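Biologist: I would like to learn how to read helix packing and ring contacts. Can we work through a case together?

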Amino acid sequence: MSAHAVQIKGLTKLYGSFRALDNVSFEVEPGDFLAFLGPNGAGKTTTIHSITGLCNFQEGDVRVFGHDVMRDYRKTRPLLGLCPQEVNLDPFLTIEQVLVYQAGYFGIPKQDGIKRAEELLKQFRLFDKRKQDFRKLSGGMKRRLLLCRALVHDPKILILDEPTAGADIELRHHIWNYLTDLNRAGKTIFLTTHYMEEAERLARSVVIVDRGRIIHRGSKDSLTQNESLESVFLRLTKDDAND
C-alpha cells in the first residue's frame, strides 16, 4: 500500500477548450479528514469524478493507495465510497434495496448486505422507511440515504460532495458527529463544502481550488497563519462604548 490514500499529480481536465482542472497536485494521507474548498465552478466535483472514475482526464496521474485509478480501477473502486451532490437513486427500488444492491456491486452476499443496510438505516433514522421508495423521502432523508449508500461496502476512503446541503441544523449536527466518529476510527474522509463552520469543525487538512488551480494546501491551522490574510483591529474609547 502507498503512503498516500489519494495522490494526484499534474491533473488536467479539459471540456473542449475550457480547463476545468489545470495541473492540480496534492495528497490525502490515510486517516486524514480533508476539506476540499472553493467557489462554485472551481473544479471540486471534477476532481472527485477523476478520483472515482466518473470522468476521464487528459493529463496527470491519480492514485488511490498506490493504484492507478485508470489502469487499476477494479482495485480502486472498492476502496472508495462516494456521496454525490445530486440524488441519483433508482426510483423503482425501496431504500433498503438500494443499499443491498449497492453492496452486491462490491461482492457482498445478500444476507450480509441486508444486515449492513439495517445497521446504517438505524444509524441514520431511516429504518422505519426501509420499504418505501426514495421519492417518498424528504430532502434531508435523501441526503442520509446517499450517505448510507456510500458507506454500505465499508470503503477505506469516504468522499463527500456537499453532504449537508439543504439539511436542517439537527441533521447537520448528527452527520457531523457521525463523520467525526468514523474518522477517529481510522476512516479517511474527503469533504467538499461551502459551510466554513463545517470545514472548521471537522477537517484537519485543507486544500483550496479556484479556477481549476490549487491556491492553498496545508493544515487547517495554516490558513489562519497565512501572512496574506489581513486583520482589522478596533479600539473603542469610553465614549464609543457609551454610544
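Biologist: At roughly what angle do the axes of helix 3 and helix 4 cross?

Modeller: Keep in mind that this is a predicted model. The axes of helix 3 and helix 4 cross at roughly 130° and come within 8 Å. Angles over 145 degrees count as roughly antiparallel, and 65 to 115 as roughly perpendicular. Helix 3 and helix 4 are therefore oblique to each other.

Biologist: Which residues make the contact of helix 3 with helix 4?

Modeller: Helix 3 brings Ile95, Glu96, Leu99, Val100 and Ala103. Helix 4 answers with Lys110, Gly113, Ile114, Ala117, Glu118 and Leu121. By class, that contact holds seven nonpolar, one polar and three charged residues.

Biologist: How do helix 3 and helix 5 pack?

Modeller: Read the angle, then the distance. Helix 3 covers residues 95–105 and helix 5 covers residues 139–151. Their angle is about 25°, and their axes lie 9 Å apart. Angles under 35 degrees count as roughly parallel. Helix 3 and helix 5 are therefore roughly parallel to each other.

Biologist: Which residues make that contact?

Modeller: From helix 3, take Ile95, Val98, Leu99 and Gln102. From helix 5, take Leu145, Cys148 and Arg149. The classes are five nonpolar, one polar and one charged.

Biologist: Is the crossing of helix 3 with helix 5 left-handed or right-handed?

Modeller: Helix 3 passes helix 5 in a right-handed crossing. Helix 3 also passes helix 4 in a right-handed crossing.

Biologist: What is the geometry of helix 4 and helix 5?

Modeller: Helix 4 spans residues 110–123. Its axis and that of helix 5 come within 10 Å, crossing at roughly 145°. The crossing of helix 4 with helix 5 is right-handed.

Biologist: Which residues of helix 4 and helix 5 meet?

Modeller: On helix 4, look at Arg116, Leu120 and Leu121. On helix 5, look at Leu145, Cys148 and Leu151. That contact has five nonpolar, no polar and one charged residues.

Biologist: Now the rings. How many aromatic pairs are there?

Modeller: Rings pair if their centres lie within 6.5 Å. The count comes to four aromatic pairs. Ring pairs join Phe26, Phe36 and Phe190 into a cluster.

Biologist: Which charged ends sit over rings?

Modeller: Check the distance to the ring centre. The charged end of Arg130 sits over the ring of Phe127, 3.9 Å from its centre. The charged end of Arg172 sits over the ring of Tyr195, 4.1 Å from its centre.

Methods:
Residues are numbered from 1 along each chain as its sequence is written. This is a predicted model: local features need pLDDT of at least 70, side-chain atom pairs count only at pLDDT 80 or more; totals for chains, interfaces and linings use all residues. Side-chain values use heavy atoms; hydrogens and water are left out. Rings of Phe, Tyr and Trp (its six-membered ring) pair if their centres lie within 6.5 Å; planes under 30 degrees apart count as stacked, over 60 as edge-to-face and the rest as tilted. A charge sits over a ring if NZ of Lys or CZ of Arg is within 6 Å of the ring centre and within 35 degrees of the ring normal. Axes are lines fitted to C-alpha atoms, for helices over the stretch in contact, and angles run from 0 to 180 degrees between N-to-C directions. Helices (H or I, at least four residues) and strands (E, at least two) are DSSP runs, numbered from the N terminus. A crossing is left-handed if the near helix is turned anticlockwise from the far one by less than a right angle, and right-handed if clockwise. Contact means heavy atoms within 4.5 Å. Ala, Val, Leu, Ile, Met, Phe, Trp, Tyr, Cys and Pro count as nonpolar, Asp, Glu, Lys and Arg as charged, and the others, Gly among them, as polar.
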